[in-house]
Amino acid sequence: MDRNKLEKWLKSPTKMGHKYSLHVVYFCTGCGIIEIPPSITARWDAERFGIIPVASPRQANLFLITGYVALKTLKAIIRTYEQMPEPKFTVAFGSCPINGGMYWDSYNTIKHLDKYIPIDGWIAGCMPRPEAIFIGVTHLWTLIDKEMADGYKKYRKDYKYYRENQEQIFGKLEWPPLFQKEVKK
Amino acid sequence: MNKSLKEKLLSSFSDIQIDITEDNKVFINTKKDDVISVLNFLKNLGYKHLALISCTDWIEENEFELVYILSSYMENDTEYRNKEKTNILVKTRIPREKAEFVTLINVFANAEPYERELHELYGIYFEGHPRLTPLFLEREYKIPPFRKDFDTKKYVKEVFDNIPFVKDRKEKK
C-alpha cells in the first residue's frame with residue numbers, strides 16, 4: 001500500500017474500499033466488449049486499478065455498458081442493474097449509449113441510455129481505446145471521492161420516473177418494481 | 001461441372017433462367033410454383049447445405065424477391081472434391097400485397113429460423129410453418145421494419161424522442 005495514502009485510508013476507509021475494488025459485471029453489449037479482453041489481460045492489466053470482472057451481478061459494483069443498446073438488451077441491462085448491490089456505479093462506453101451514435105435512426109436501438117438507468121460516467125469514442133477506460137476509471141475515483149457518483153441514490157429517489165420511462169418503451173414490464181411506493185406516515 | 005449442372009436443370013425444368021458468373025456463382029430465376037421442386041432437385045444433386053434465405057424489397061415493381069442460397073459439402077463428394085466451391089442462388093418473386101409463400105421446412109429443416117426472421121422483418125407469411133412467433137424484436141411494428149416503406153426517422157421521432165429525460169419528467173409533475 002502507498003504510504004502517502006495512509007491518511008486517506010484512515011479518514012474514509014469505505015470510500016477507499018469502493019475506489020480500489022471495482023468489480024465489473026461480465027455483461028456484453030454491442031461491439032465494445034472486444035476492448036475488455038485486452039484491458040483485463042497482461043498488456044493493459046486492469047487489475048492494477050483494482051478492476052476485476054466477476055461472474056454475477058450480485059458480486060459487482062461497476063457496470064460497463066460497452067456499446068449500442070438494442071431494446072432486448074435494455075431489458076437485460078435494467079434487470080442486471082437492479083440486481084447489483086449498492087453502492088453501484090455505471091460507465092457507458094462509446095458514442096452509441098450517449099445519443100445513438102451511428103444508430104441514430106435505427107428502429108430498434110435506444111438513443112439516450114440515461115433515460116432508463118442512471119449513468120455516472122461516459123467515455124466518448126467509437127470505440128474508445130483501453131487507455132480511455134482507465135482514464136474513465138480514474139475520473140470515477142475522483143467522483144467517488146467527492147461523492148458525486150450518486151447514480152444509485154438518484155435511482156432510488158427518482159425510481160418512479162425511471163420506471164415510467166421503462167414502461168413507456170416496453171409497455172407492461174414482467175417484473176415488479178424494485179422499490180415500492182413510499183408509505184405515508 | 002457448372003455446365004453439366006445447367007444442362008441437367010434445363011432438361012428437367014421448362015420455365016427457368018440460368019446465369020453463371022466467373023466466380024462460380026449460379027443464379028437461377030424461377031417461377032414461384034417451381035421453387036420447391038428446383039430446390040429439391042438440387043438437394044438430390046448434392047447441394048445439401050442451405051446457407052441462407054434472404055429477401056429484397058423491390059418497392060417500385062411491387063414485389064418481394066426471395067433468394068435461397070445453397071452450397072455443397074464438397075469433401076464428402078468425390079465428384080466435387082478438387083473443384084472450386086459453387087454457390088447456387090435460387091431467386092423467385094412474390095407479390096408485395098399478398099406476401100405469402102410455402103414453407104421449405106420439409107426439404108431443408110434449417111429453413112425454420114430464416115423463415116421466422118423474414119416473417120418478422122418483412123411480414124411474409126409462410127404457409128405450413130409450425131411457429132411464426134417473434135424472434136428478435138421486442139416491440140410491435142405496424143409496418144414490418146425492413147420494408148422500404150417503413151420510415152425509420154419518423155418512427156424514431158415518434159417513439160424514442162417522445163420519451164422525456166428523467167429531469168424533464170420530474171419538472172412536469
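Trainee: What makes the two chains count as being in contact?

Mentor: In this predicted model, 16 residues of chain A are in contact with 14 residues of chain B. Two residues are in contact if their C-beta atoms, placed from the backbone, lie within 7 Å. Residues are numbered from 1 along each chain as its sequence is written, and chains are lettered from A in the order in which they are written. Local features need pLDDT of at least 70 and side-chain atom pairs count only at pLDDT 80 or more, while totals for chains, interfaces and linings use all residues.

Trainee: Why is A:Pro57 called buried?

Mentor: A residue is buried if 20 or more other C-beta atoms lie within 10 Å of its own, exposed if 12 or fewer, and partly exposed in between. A:Pro57 has 20 other C-beta atoms within 10 Å, so A:Pro57 is buried. Its place is in the loop between strands S2 (51-54) and S3 (62-65) of chain A. Leaving aside residues up to four places away in sequence, A:Pro57 touches A:Val25, A:Thr80, A:Gln83 and A:Met84.

Trainee: How do you know that S1 (residues 16-20) and S2 of chain B pair?

Mentor: Two strands pair if DSSP finds at least two bridges between them. S1(B) and S2(B) have five bridges, in the antiparallel sense, so the strands pair. B:Ile16 stands opposite B:Thr30 in S2(B). The two strands form a hairpin with four residues between them.

Trainee: What joins S2(B) to strand S5 (residues 87-95) of chain B?

Mentor: Five bridges join these strands, which run parallel. B:Ile28 has B:Val90 in S5(B) as its bridge partner.

Trainee: What makes a set of residues a nonpolar core?

Mentor: The residues must be buried Ala, Val, Leu, Ile, Met, Phe, Trp, Tyr or Cys, joined through C-beta atoms within 7 Å. The largest such core has 38 residues, and those with the most contacts inside it are A:Leu62, A:Phe63, A:Ile65 and A:Val91. Another core, of 23 residues, lies apart from it and includes B:Leu39 and B:Val90. In soluble globular proteins, nonpolar side chains tend to be buried together.
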